[in-house]
Amino acid sequence: MPGQSSGVVTIPFVTIPNLPETFKTYSAEYTVQKGDCLSILISTRFGPYGAEPYKQGIKLFKLINPDIKDLNRIYAGQDILIPDPAIQKQPWYQSLFDRLANNQNLTDFDRTIKTYK
């Protein structure tokens with residue numbers, strides 16, 4: 001590159017040691033109301049059902065709510081954590097999904113949820 005004095009390139013590397021805990025800092029507590037369903041809660045924050053940001057929002061939800069095994073069953077009065085879309089502005093955000101897709105120990109990302117209309 002012009003102005004470069006050596007052939008050495010420094011590439012910054014960010015390590016996030018505890019992904020679920022990090023994601024919890026980018027979430028909000030929410031008490032499920034009668035008539036709520038997860039697909040609507042996530043789509044209002046991350047975008048339309050099926051879009052990539054929506055899918056990422058679902059993955060984040062699964063990480064920060066590991067006790068919810070069936071995403072189709074949330075109940076009125078239940079306290080959950082909803083991911084904050086502000087996390088998308090973090091410079092490391094998109095690279096996390098490459099890491100998550102390759103890490104089988106975090107959660108099962110192949111589960112799907114139903115959309116209620």
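Select Pro 48 to begin. Not counting residues up to four places away in sequence, Pro 48 touches Ser 43 and Tyr 54. Touching, or contact, means heavy atoms within 4.5 Å. Pro 48 lies in the loop between H2 and H3. Is Pro 48 buried or exposed? Pro 48 counts as exposed because its relative accessibility is 59%. The cut-offs are under 20% relative accessible area for buried and over 50% for exposed, with partly exposed in between (1.4 Å probe, protein chains only).

A word on the model before moving on. The model is predicted, so local features need pLDDT of at least 70 and side-chain atom pairs count only at pLDDT 80 or more, while totals for chains, interfaces and linings use all residues. Residues are numbered from 1 along each chain as its sequence is written, and side-chain values use heavy atoms, leaving out hydrogens and water.

**The whole chain**

Zoom out and switch to a cartoon view. The chain has four helices and two strands. Along the sequence, their pattern is α-β-α-α-β-α. These elements are DSSP runs, numbered from the N terminus: helices are H or I with at least four residues, strands are E with at least two.

Now show the surface. The chain exposes about 7800 Å², and carbon and sulfur atoms supply 53% of that area. The areas come from the Shrake-Rupley method with a 1.4 Å probe; for residues, only the protein chains shown count as cover. Of the 117 residues in the chain, 33% are buried. Take the contacts between residues at least 6 apart in sequence: 73% of them join residues at least 24 apart.

**The core**

Hide the surface. Select Phe 23, Leu 38, Ile 42, Leu 60, Phe 61 and Ile 80. Of the 23 residues in the largest nonpolar core, these touch the most other members. Such a core is a set of buried Ala, Val, Leu, Ile, Met, Phe, Trp, Tyr and Cys residues joined through side-chain atoms within 4.5 Å. Which elements give two or more residues to this core? They are helix H2 (38-46), helix H3 (52-64), strand S2 (79-83) and helix H4 (93-102). H3 gives the largest share, six residues.

Stay with Ile 42. Leaving aside neighbours within four places in sequence, Ile 42 is in contact with Gly 47, Tyr 54, Gly 57, Ile 58, Phe 61 and Pro 83.

Select Ser 27, in strand S1 (residues 27-31). Ser 27 counts as buried because its relative accessible area is 18%. Beyond residues up to four places away in sequence, Ser 27 touches Ile 64, Leu 81, Ile 82, Pro 83 and Asp 84.

Next, go to Asn 65, in the loop between H3 and S2. Asn 65 has a relative accessible area of 4%, so Asn 65 is buried.

**Charges**

Show the side chains of Asp 70 and Arg 73. They meet in a salt bridge, 3.4 Å from N to O. A search of the whole structure finds one salt bridge. The rule asks for a side-chain nitrogen of Lys or Arg within 4 Å of a carboxyl oxygen of Asp or Glu. Asp 70 is partly exposed, at 31% relative accessibility. Arg 73 is exposed, at 51%.

Finish at Tyr 30. Arg 45 lies over the face of Tyr 30, at 6.0 Å from the ring centre. A charge sits over a ring if NZ of Lys or CZ of Arg is within 6 Å of the ring centre and within 35 degrees of the ring normal.
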